[in-house]
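Reader: I am new to this protein. Please show me how to read its main features, step by step.

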Amino acid sequence: NKYLYLIVKSGYKMIKKIIINVALVLILSCTLDAQVQMSLWGGANKSSFGGNPPEDAGYGDIYGLAAGLNFDFQPTQDFVISLEPSYEQRGSTIDIHLEEGREDTTLKFKVKQNYFGLGLMFKVNAGNFFVGSGVSFQLLNTATLEFESKETDVKDNFINYDALAFFNIGYKIPIGGPTLFIELRYIQGLINIRSDESDSDTDIYLSNFKSTGLRLSTGIMIPL
């Protein structure tokens, strides 16, 4: 497991460097003739863990905030390349089902995570609508476990980064120079975010899982 973890980690760093370098090349090649704009946005995440839950357990949704910037480079009227620094609150509930005689008991744990991310997105405009997809590389800032109104720091039970793929659809509302927009995004984690150094025998809330969820956001696009 340790060697597999090191292989995944090194592969993650390599892919990250490749995408960042590709993004820089594309941006530098497009900025001479491209239209450039900046977007400010905020919204809410509905997230949970996907993958294999612990035995006799299930994952549930939690809600968190998200905010960020987009730097959009538009080499053609219909195509946009976007860099997206962001801050996101994600996590999941873990519901442990216990049978005590004839009564069933559910223990509800809540994992709350805060991430800083950098995304690379490609969008296609169709009138006022747009669709897109991309990837986001994120660094874990904090992670806590909440149970019976008590919070415990569990950051060491997760790897320090995450990689997400996402697909989005949105609608733009021109208001003169700036443009308002609303966007719905589906998010899917690409890697298992559990740390191999954690012990699933003693931490019942740990298993193999990936981030998943939806994000609804709204913001304003400002030409530069």
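Author: Start with the order of elements. Along the sequence, the protein chain runs α-β-β-β-β-β-β-β-β-β-β. That is one helix and 10 strands. Helices (H or I, at least four residues) and strands (E, at least two) are DSSP runs, numbered from the N terminus. This is a predicted model, where local features need pLDDT of at least 70 and side-chain atom pairs count only at pLDDT 80 or more, while totals for chains, interfaces and linings use all residues. Residues are numbered from 1 along each chain as its sequence is written, and side-chain values use heavy atoms, with hydrogens and water left out.

Reader: What share of the residues in the protein chain is buried?

Author: Buried means under 20% relative accessible area, exposed means over 50%, and partly exposed lies in between (1.4 Å probe, protein chains only). Here, buried residues make up 43% of the 224 residues.

Reader: Which residues have the most contacts inside the largest nonpolar core?

Author: First, the idea. A nonpolar core is a set of buried Ala, Val, Leu, Ile, Met, Phe, Trp, Tyr and Cys residues joined through side-chain atoms within 4.5 Å. The largest one here has 20 residues, and Phe49, Ile94, Val111, Phe158, Ile193 and Phe209 have the most contacts inside it. Two or more residues each come from β2, β4 (79–100), β5 (103–126), β6 (129–147) and β8 (161–174). β6 gives the most, with four residues.

Reader: How many salt bridges does the structure hold?

Author: Side chains of opposite charge can pair when their charged atoms come close. A salt bridge is counted when a side-chain nitrogen of Lys or Arg is within 4 Å of a carboxyl oxygen of Asp or Glu. The structure holds 12. Take Asp72 and Lys123, whose side chains meet at 3.9 Å, N to O. Asp72 lies in strand β3 (residues 62–74) and Lys123 in strand β5, so the pair ties together parts 51 residues apart in sequence. Asp72 is buried, at 1% relative accessible area. Lys123 is buried too, at 5%.

Reader: Which residue forms a salt bridge with Glu88?

Author: Arg215 does, with the closest N and O atoms 3.6 Å apart. Glu88 is in strand β4 and Arg215 in strand β10 (residues 208–223), 127 residues apart. Both Glu88 and Arg215 are buried.

Reader: Are Lys112 and Glu151 buried or partly exposed?

Author: Lys112 is partly exposed, at 31% relative accessibility. Glu151 is also partly exposed, at 48%. These two form a salt bridge, the closest N and O atoms being 2.8 Å apart. Lys112 is in strand β5 and Glu151 in strand β7 (residues 150–153), 39 residues apart. Elsewhere, bridges can share partners. Such salt bridges join Glu84, Glu88, Arg90, Asp162, Glu183, Arg185 and Arg215 into one network.

Reader: Which residues form the negative surface patch?

Author: Patch residues have over 30% relative accessible area and no salt bridge, and like charges are joined within 9 Å, nonpolar side chains (Val, Leu, Ile, Met, Phe, Trp, Tyr) within 5 Å. Areas come from the Shrake-Rupley method with a 1.4 Å probe, with only the protein chains shown as cover for residues. Asp and Glu count as negative, Lys and Arg as positive; His and the chain ends are not counted. A charge is placed at NZ of Lys, CZ of Arg, CG of Asp or CD of Glu. In this structure, Glu55, Asp56, Glu99 and Asp104 form a negative patch. Asp56 sits in the loop between β1 (35–52) and β2 (57–60). Asp56 is exposed, at 51% relative accessibility.
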